[in-house]
Each structure stands twice: as structure tokens, then as C-alpha cells.
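This report is meant to be read alongside the sequence and the coordinates. Please keep both in view while working through the sections.

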Amino acid sequence: MNRKATVSAFLADAGWGNPRREPLAGDASFRRYVRLRRNGETAMLMDAPPPEEDVRPFMAVAARLTELGLSAPRVDRANPVHGLLLLEDFGDDTFTRLLERGESEEELYLLAADTLIALQRRPDAADGYPTFGEDRFLAGAELFLDWYLPAAGREAPDRESFRAAMRQVLAPALAGPETLMLRDYHVDNLIRLDGRIGTAACGLLDFQDAARGPAAYDLASLIEDARRDVDESVRAAVLARYRAAFPGAVELDRDIAVLGAQRHIRVLGTFMRLARRDGKPGYMRHLPRLRRMLERNLAHPSLEPLAAWFCRNVSADLRIPPVAE
């Protein structure tokens, strides 16, 4: 059965035969989302074709988040074999769109911070999840060597020296408390749900890659967003809210600098791969921001070994964007 027929059969079995279909904009994965409409009702179809995608992790994490009192889309019908889910429709009010409409940046980011705090206050949140450990952090960072530098016409430097520097700076950040790390926690993946109170008003999306990992990673993802500049006063307010909730996080600045740097290095490689291999050049516009944030993090004293590696192996024109950018 071809994909179109498979999807139609799935929807018919779910009681959604012949709905009006409205495809949503794609993302960096093979998944696609389609809003379904009929008689004033809506639902969301996740079409995640195997073997490239697997909907079972999404289902499991959604169930865990719901158990914790947070808002993940309800799964109304599932066919994991064919990679199809019928989901509760959370609407279109992503934090990104709300910000574009002029809503308060600080209020939205503090809601995101409170939701992250609520998740991390549950010590059982990560029970049963594998640890996202050093090897996976290193593998992600190596996308910089595999894609970013070659695309600039530069021969990749010695991989082992890069891995050694990364290991040295990552070690303290990975030695701290662990939590359920959603791994892509930023305003594109958060959505306001009207009629819900407190952190339940923050709908969570795109969490299928969740794993056990360092608590500061999702916080760094939120305030060091690859796709938008976060106002410094908002960043300070979020950090103050988080410190008040977790006064024992005495090395928070260090951990954000370390984990933020690893993330920026990985995303530089990922976005270059999306542009060059997958024909998605729109991601290139974010590279100057990523380079600026990486340079700021490398200035933290705890990242001196990695900063020295970059100074030796990556020319300034590939690290520091022109002022005009």
C-alpha cells in the first residue's frame, strides 16, 4: 500500500475519513504534520514514515509528561508500524508567533522557565530513560568537523585533539544532577494553551528525543536560541527565576556556557548539513548568531581548553561574524 493510501486508511479507522487537510510547515526531520478539520473539530496528524522516524518515543514521552502534570498533546490513535499518530491539536500560538505579534517576551520566557522548573523538580521524571552521555555529546559536536569546516573549504583538524578538548570542558557539567532532558526546548516548540492555568498553559512539542542528562542543557537551549536573539534582561530574569528554584545550582553559569557551547558547535554542523545535503538553505541565516553565542561561551574560564583549540584550528573568519551581521 502506498503512503497516501496508508494514511487515508489510518484516518478512516480513526473516524476521520475525508477531512479537510492543512499541511503545516516542515522542520528539520522527516516528520510532517497535517491539521485535520471537520464539522468544527480539529486534530493533528503526525506522519513520521519508518525507518527514518519512530513514533514510539514520542508516545512514551508524551505519556510521561502528562503523568507529571505538564501539557503534551494527547494521542488519540496510533499506528506505530506505519509511523502515524492522531494527536490533540494544540493550535497555532507557538511562543515564536506570540513574540512576533508583540506579546511580552519576559512573560513567555518566564512561563517556559517555570515549566522547566516543574519538570526538573520531579526526581522521577527521567526514570527508565537512557543517559545522554559523553559519547553522544561528542558525536553531536563532531558534526562541526564533518560539515561546517568542509563547507568552508577547510580541511578538518585533528579529531582526537578536538575530542580531548571537548571531554575536558564537558566533564564537570556532566558530573552534576541529571533530569529528563527534552533536548530541543525553545520557543518554536512551546505553545500557549488558552484556558489552562500555570505551567499547564505551556504546551510542549517536539520532545521525542528526550533522555536523561544534565539539568542545565534545556535551560541553555531556551536562553541561547539558535533561531532568535533573546533580550539580555529576559535572559537575566529567567536565570534569576531558575536560581531561586534551585539555589544549589552554584555552577549554573559554567554549565550553561559549557552545554551551550557544545550545542552551538553541533548546530553549526547540523544547519550546514541541512543547507548543503538536504537543500534547506534557510538555516544559513542563523549561522552568524550561533557564531556570536559560541564566541561568548568560549570566553568563559571553564572553556579555556576548547577556546584554545578553536584559536589554533579555526580561523577567525569562521568563528566571528562581521559586525554588520
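This is a predicted model: local features need pLDDT of at least 70, side-chain atom pairs count only at pLDDT 80 or more; totals for chains, interfaces and linings use all residues.

## Helix 6 against helix 10

Helix 6, which covers residues 143–151, packs on helix 10, which covers residues 252–276, at an angle of about 55°, and the axes of helix 6 and helix 10 lie 8 Å apart. That angle makes helix 6 oblique to helix 10, and the crossing by which helix 6 passes helix 10 is left-handed.

From helix 6, the residues that take part in the contact are Leu143, Phe144, Trp147, Tyr148 and Ala151, and they meet Ile265, Arg266, Leu268, Gly269, Thr270, Met272, Arg273 and Arg276 of helix 10. Sorted by class, this contact of helix 6 with helix 10 comprises 8 nonpolar, 2 polar and 3 charged residues.

## Helix 7 against helix 12

Helix 7 (residues 159–174) and helix 12 (residues 304–313) form another pair, packing at an angle of about 155° with their axes 8 Å apart. Angles over 145 degrees count as roughly antiparallel, and helix 7 and helix 12 are therefore roughly antiparallel to each other. The crossing of helix 7 and helix 12 is left-handed.

On the helix 7 side, Ser161, Phe162, Ala165, Met166, Gln168 and Val169 are in contact with Pro305, Leu306, Trp309 and Phe310 on the helix 12 side. By class, the residues in the contact of helix 7 with helix 12 are 8 nonpolar and 2 polar, with no charged residue among them.

The buried residues of helix 9 are Val234, Arg235, Ala237, Val238, Leu239, Tyr242 and Ala245, and the partners against which the buried residues of helix 9 pack are helix 4 (105–120), helix 8 (216–223), helix 10 and helix 11 (287–298).

Glu53 is found in the loop between strand 3 and helix 2, where it is buried, with a relative accessible area of 15%. When neighbours within four places in sequence are left aside, Glu53 is in contact with Ser29, Phe30, Arg31 and Ala48. Asp89, placed in the loop between strand 5 (84–87) and helix 3 (95–100), is buried as well, with a relative accessible area of 18%. Not counting residues up to four places away in sequence, Asp89 touches Arg35, Thr42, Ala43 and Met44, while the C-alpha atoms of Asp89 and Arg74, which are 15 residues apart along the chain, are separated by 8.5 Å.

Phe95 belongs to helix 3 and counts as buried at 0% relative accessibility. Apart from neighbours within four places in sequence, the contacts of Phe95 are Leu108, Leu111, Ala112, Val187, Leu190, Ile191, Arg192 and Cys202. The C-alpha atoms of Phe95 and Asp47, 48 residues apart along the chain, are separated by 23 Å.

## Backbone geometry in the loops

Most residues other than glycine have a negative phi, and most peptide bonds are trans. Against that background, which residues have a positive phi of about 55° although they are not glycine? One of them is Asn18, whose place is in the loop between helix 1 (3–13) and strand 1 (20–23); another is Asp206, which lies in the loop between strand 8 (202–204) and strand 9 (211–214). Asn18 is exposed, with a relative accessible area of 80%, whereas Asp206 counts as buried at 17% relative accessibility.

The peptide bond from Pro50 to Pro51 is cis, with omega near 5°. Pro51 lies in the loop between strand 3 (41–47) and helix 2 (56–67), and the loop between strand 3 and helix 2 also holds Glu53.

Methods. Residues are numbered from 1 along each chain as its sequence is written. Side-chain values use heavy atoms; hydrogens and water are left out. Axes are lines fitted to C-alpha atoms, for helices over the stretch in contact, and angles run from 0 to 180 degrees between N-to-C directions. Helices (H or I, at least four residues) and strands (E, at least two) are DSSP runs, numbered from the N terminus. Angles under 35 degrees count as roughly parallel, over 145 as roughly antiparallel, 65 to 115 as roughly perpendicular and the rest as oblique. A crossing is left-handed if the near helix is turned anticlockwise from the far one by less than a right angle, and right-handed if clockwise. Contact means heavy atoms within 4.5 Å. Ala, Val, Leu, Ile, Met, Phe, Trp, Tyr, Cys and Pro count as nonpolar, Asp, Glu, Lys and Arg as charged, and the others, Gly among them, as polar. Buried means under 20% relative accessible area, exposed over 50%, partly exposed in between (1.4 Å probe, protein chains only).
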